[in-house]
Amino acid sequence: MALAVTEIQLFNSLKERLGSKEAEELVSYVKHSISEGLNEQLPHLASKEDLLKLETKISETKVDIIKWVVGVFFALAMMIIGLYLKN
């Protein structure tokens, strides 16, 4: 279970142990580090549009594979029929 801690709660907890100024600096550093990490990861995340494009591409690929399988099956069936009729 994830524990959600607000900046104020973190500040109040640290203020008792570190002092007001140090607690404020630490909370500011943590907030800045987290936002930097999120900003670095943001370009690598997929949007709804990206997922929709991927879904469309997968369905197109699936149709192409089915066409190839049917075509190869038909060609093999014709070859087998041709071998039986040859004799």
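The model is predicted.

**The whole chain**

Begin with the complete chain in cartoon view. Three helices and zero strands are present, and from the N terminus on the elements follow the order α-α-α. The radius of gyration is 31 Å, well over the 12 Å that the globule rule gives for 87 residues, so the chain is more spread out than a compact globule. Orient the view along the principal axes: the C-alpha trace spans about 100 × 25 × 15 Å.

Next, switch to a surface display. The chain exposes about 8,500 Å², and carbon and sulfur atoms supply 66% of that area. Of the 87 residues, 3% count as buried.

Then colour the charged side chains. There are 10 positive and 12 negative side chains, and the centres of these two sets lie 11 Å apart.

**Helix 1**

Select residues 7-18, which form helix 1, and display Phe 11, a residue of this helix.

From Phe 11, draw a distance to Leu 85. These residues are 74 positions apart along the chain, and their C-alpha atoms are separated by 88 Å.

**Helix 2 and the nonpolar patch**

Select residues 20-41, which make up helix 2. Now show the side chains of Leu 18, Leu 26, Tyr 29, Val 30, Ile 34 and Leu 38; together they make a nonpolar surface patch of about 570 Å². Which helix gives the largest share of the nonpolar patch? Helix 2 does, with five residues.

Within the patch, centre on Leu 38, one of its members, which lies in helix 2. Leu 38 has a relative accessibility of 57%. Since exposed means over 50%, Leu 38 counts as exposed.

**Helix 3**

Finally, select residues 48-86, the span of helix 3, and pick out Leu 83 in this helix. Leu 83 has a relative accessible area of 57% and is exposed.

Leu 83 and Val 30 are 53 residues apart along the chain, and 75 Å separates their C-alpha atoms.

How values were computed:
Residues numbered from 1 in each chain as written. Predicted model: local features only at pLDDT ≥ 70, side-chain atom pairs only at ≥ 80, totals over all residues. Heavy atoms only, no water. Helix = DSSP H or I, 4+ residues; strand = E, 2+ residues; numbered from the N terminus. Rg over C-alpha atoms; globule rule 2.2 N^0.38 Å. Buried < 20%, exposed > 50% of the residue type's maximum accessible area, 1.4 Å probe, protein only. Areas by Shrake-Rupley, 256 points an atom, 1.4 Å probe, with all protein chains shown as cover. Lys, Arg positive; Asp, Glu negative; His and termini not counted. Charge placed at Lys NZ, Arg CZ, Asp CG, Glu CD. Patch = residues over 30% accessible without salt bridge, like charges linked within 9 Å, V, L, I, M, F, W, Y side chains within 5 Å. Salt bridge = Lys/Arg side-chain N within 4 Å of Asp/Glu carboxyl O.
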